[in-house]
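Subject: Structure handover

Dear colleague,

I am passing on the structure shown below, together with some notes on what turned up when I went through it. Please read the notes with the structure open beside them.

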Amino acid sequence: MAPQLKSRTKTIIQRLKRYYPHAHCALQFTSPLELLVATVLSAQCTDERVNKVTPELFRCHKNAKDYAAAELPQLEQHINSTGFFRAKAKALQGIGKELVAKHNGEVPRDFAALVKLPGVGRKTANVVMGNAFHEASGIVVDTHVKRVAFRLGLTRAQRPEKIEAELSALVPISDWIMFSHWLIFHGRQICKARKPLCERCVLEGLCPKRGVG
């Protein structure tokens, strides 16, 4: 890995840290289970929409047993505005059953166990590990992270797993959890998909603007 890329990444992190001191997980939750459920719902859906759906869902389903026992039509009705609601409802029911059967109804504080749950991949597991348990298991790669990291010249990869591996090699493990939050905040506010606001960017001079017309 080129030393100059490592050095540039360090400067990028320093600037993002100063510019987004209050960056955080946008999903609203009060427990690891709520975060797990919200993250599953966030696939192909905005966090804003998920946050509108989850208060009533969480009120009716307070623990893993409630999800395990829920009828699929009931779950589908709660979450149908999040898209792909049938697959998501099946995943939530399956998660409830797995947690009850294998984890005493609790969300496991273990990455390997999390990715074995229905509907849970690396991204969801990293979100839960980092934001519910404050443990850095990897770097969350969503659409914002993928776009901003590419434009910054930190990766050319397309697959989330490869992007995560390349970013993890550049970013100190102490910043893994926050790095995705900084890129997501930056992607939403400045480095937008259709029209990035480069003239307002705190990373001007550090960014090769890869792919920006």
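Predicted model: local features only at pLDDT ≥ 70, side-chain atom pairs only at ≥ 80, totals over all residues.

Cys-45 is buried, at a relative accessible area of 17%, whereas Gln-44 counts as exposed, at 68% relative accessibility. Once neighbours within four places in sequence are left aside, the contacts of Cys-45 are Val-50, Thr-82 and Lys-88. The C-alpha atom of Cys-45 also lies 6.8 Å from that of Gly-83, although the two residues are 38 apart along the chain.

Two backbone angles deserve a look, given that most residues other than glycine have a negative phi. Gln-44 has a positive phi, near 55°, and Phe-84, which is likewise not a glycine, has a positive phi of about 50°. Phe-84 sits in the loop between helix 5 and helix 6 and counts as exposed, with a relative accessibility of 58%.

**Cysteines**

How many disulfides does a search of the whole structure find? The search finds 0. Cys-60 itself is partly exposed, with a relative accessible area of 29%. Cys-198 is in no disulfide either, and the nearest cysteine sulfur to it, that of Cys-201, is 6.5 Å away.

**A histidine in helix 11**

His-181 lies in helix 11 (residues 176–189). Is this residue, His-181, buried or exposed? At 7% relative accessibility His-181 counts as buried, and, not counting residues up to four places away in sequence, it touches Ala-23, His-24, Cys-25 and Asn-131.

**The protein as a whole**

The protein has 11 helices and 0 strands, so that its pattern, read along the sequence, is α-α-α-α-α-α-α-α-α-α-α. Its radius of gyration is 18 Å, close to the 17 Å that the globule rule gives for 213 residues, so the protein is as compact as a globular protein of that length. The C-alpha trace spans about 55 × 30 × 30 Å along its principal axes.

Of the 213 residues, 48% count as buried, and among the contacts between residues at least 6 apart in sequence, 61% join residues at least 24 apart. The protein exposes about 11100 Å², of which carbon and sulfur atoms supply 52%. As for charge, there are 33 positive and 18 negative charges, and their mean positions are 8 Å apart.

Note on methods. Residues numbered from 1 in each chain as written. Heavy atoms only, no water. Disulfide = S-S within 2.5 Å. Buried < 20%, exposed > 50% of the residue type's maximum accessible area, 1.4 Å probe, protein only. Helix = DSSP H or I, 4+ residues; strand = E, 2+ residues; numbered from the N terminus. Contact = heavy atoms within 4.5 Å. Rg over C-alpha atoms; globule rule 2.2 N^0.38 Å. Areas by Shrake-Rupley, 256 points an atom, 1.4 Å probe, with all protein chains shown as cover. Lys, Arg positive; Asp, Glu negative; His and termini not counted. Charge placed at Lys NZ, Arg CZ, Asp CG, Glu CD.
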